[in-house]
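Let's take a walk through this model together. Have the sequence and the 3D view open, and follow along as we go from one side chain to the next.

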Amino acid sequence: KAAVMGIINVYLVAYNVCMAAGWSFLLYTTAQTLFLDGKPEQLWERTEWHLKVFQTGAVLELLHSLLGFVKSPFSRALLQIFSRLAALWVVVDTNYAQANAASRNEWTDNFFAMLMLAWCTVEVIRYSFYGLNILGSVPSFLNWMRYSAFLILYPIGVTGEVGSLLHAMPFFDQGQCPPALPACNYSMPNSFNVAYSMSSLAKFFLFMYIPGLPFLYLQMLGERRRKLGGGARKQKKN
């Protein structure tokens, strides 16, 4: 059993190192494009392929949870990963596939830039923390960042996601689809006995941000108090 756990830990370290490296590259490319080159309109073109690879790579975390490799609840991982994949493959992909550079509103690029800065920074911190935690060598500053960076990055990321969704709504209303989907509207009867409207789904998910944002933010604040605040109180008692 110890040998099996050793193999699993080696795999998990390798996975987290690869993901941290991929998101570090994306963060570097994002910072260079926005702050050195000053060309937010080129950010999607420069990051699309790598972003889709590494964000989709997070699906393996669901397998890790199901197999018991990690203690993270499957339902929480599913919610986080599904929302990210929907934002990327459905919302952002639609914005850049359906509008050319000449007609694209600059806020499409600005919201995507906000999303990228938040996602990349969070993921570099998260995967670095996970990998080092398996080795039992998490620096105190990284531990603090793991449970504190969201205070600023979460609102920035949500603003980017909601702004991107609002910009994609007119495309969905006109029946213009994400490249990954064959149709925006699927009516019954059909062989799958399922009907959906991308426009209606988008409105539903937009509405869900209203209760979801404060709920998740308060949940993360509680986790921060448990991981950081509790430790500080114990040290004072000792």
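Start with Arg126, which counts as buried because its relative accessibility is 14%, under the 20% limit. Keep in mind that this is a predicted model. What does Arg126 form a salt bridge with? The partner is Glu123, and the closest N and O atoms of the two are 2.7 Å apart. Both sit in helix 5, three residues apart, so about one helical turn separates them. Arg126 also has a ring beside it: its charged end sits over the ring of Tyr127, 4.4 Å from the centre.

Now stay with Glu123, which is buried too, with a relative accessible area of 3%. Its side chain meets that of Arg84 in another salt bridge, at 3.2 Å from N to O. This pair links distant parts of the chain, since Arg84 belongs to helix 4 and Glu123 to helix 5, 39 residues apart. Arg84 counts as buried as well, at 14% relative accessibility. As a general point, side chains of opposite charge can pair when their charged atoms come close.

The count of salt bridges comes to eight. One of them joins Lys203 and Asp173, with the closest N and O atoms 3.1 Å apart. Lys203 lies in helix 8 (residues 198-237) and Asp173 in helix 7 (residues 150-173), so the bridge ties together parts that are 30 residues apart in sequence. Are these two buried or partly exposed? Lys203 counts as partly exposed at 40% relative accessibility, and so does Asp173 at 47%.

Next, turn to the nonpolar side chains. The largest nonpolar core has 27 residues, and those touching the most other members are Trp23, Trp44, Leu51, Phe112, Met116, Trp119 and Tyr127. Helix 1 (2-36), helix 2 (43-56), helix 4 (74-98) and helix 5 (106-135) each supply at least two residues of this core. Which helix gives the largest share? That's helix 5, with eight residues. Apart from this core lies another one, of ten residues, including Val91, Leu165, Met169 and Cys177.

Setting aside neighbours within four places in sequence, Trp44 is in contact with Leu51, Lys52, Leu88, Val92, Asp93, Tyr96 and Phe112. Trp44 is buried, with a relative accessible area of 8%, and Phe112 is buried at 0%.

What about the aromatic rings? The structure holds 13 aromatic pairs. In one of them, the rings of Trp44 and Phe112 have centres 5.4 Å apart and planes at 75°, so the pair is edge-to-face. Trp44 comes from helix 2 and Phe112 from helix 5, so the pair ties together parts 68 residues apart in sequence. Trp107 and Phe111 make a tilted pair, 5.3 Å centre to centre with 40° between the planes. Both of these lie in helix 5, four residues apart, about one turn of the helix. Tyr11, Tyr15, Phe69 and Tyr127 form one aromatic cluster.

Finally, a word on confidence. The chain averages a pLDDT of 90, and 94% of the residues score at least 70. Over residues 231-238, though, the pLDDT is below 50, and this stretch has zero contacts in the model beyond near neighbours in sequence. Where pLDDT is low, the predicted coordinates should not be read in detail.

Notes: Residues numbered from 1 in each chain as written. Predicted model: local features only at pLDDT ≥ 70, side-chain atom pairs only at ≥ 80, totals over all residues. Heavy atoms only, no water. Core = buried A, V, L, I, M, F, W, Y, C linked by side-chain atoms within 4.5 Å. Buried < 20%, exposed > 50% of the residue type's maximum accessible area, 1.4 Å probe, protein only. Contact = heavy atoms within 4.5 Å. Salt bridge = Lys/Arg side-chain N within 4 Å of Asp/Glu carboxyl O. pLDDT = per-residue confidence, 0-100. Phe/Tyr/Trp six-rings, centres within 6.5 Å; stacked < 30°, edge-to-face > 60°. Lys NZ or Arg CZ within 6 Å of the ring centre and 35° of its normal.
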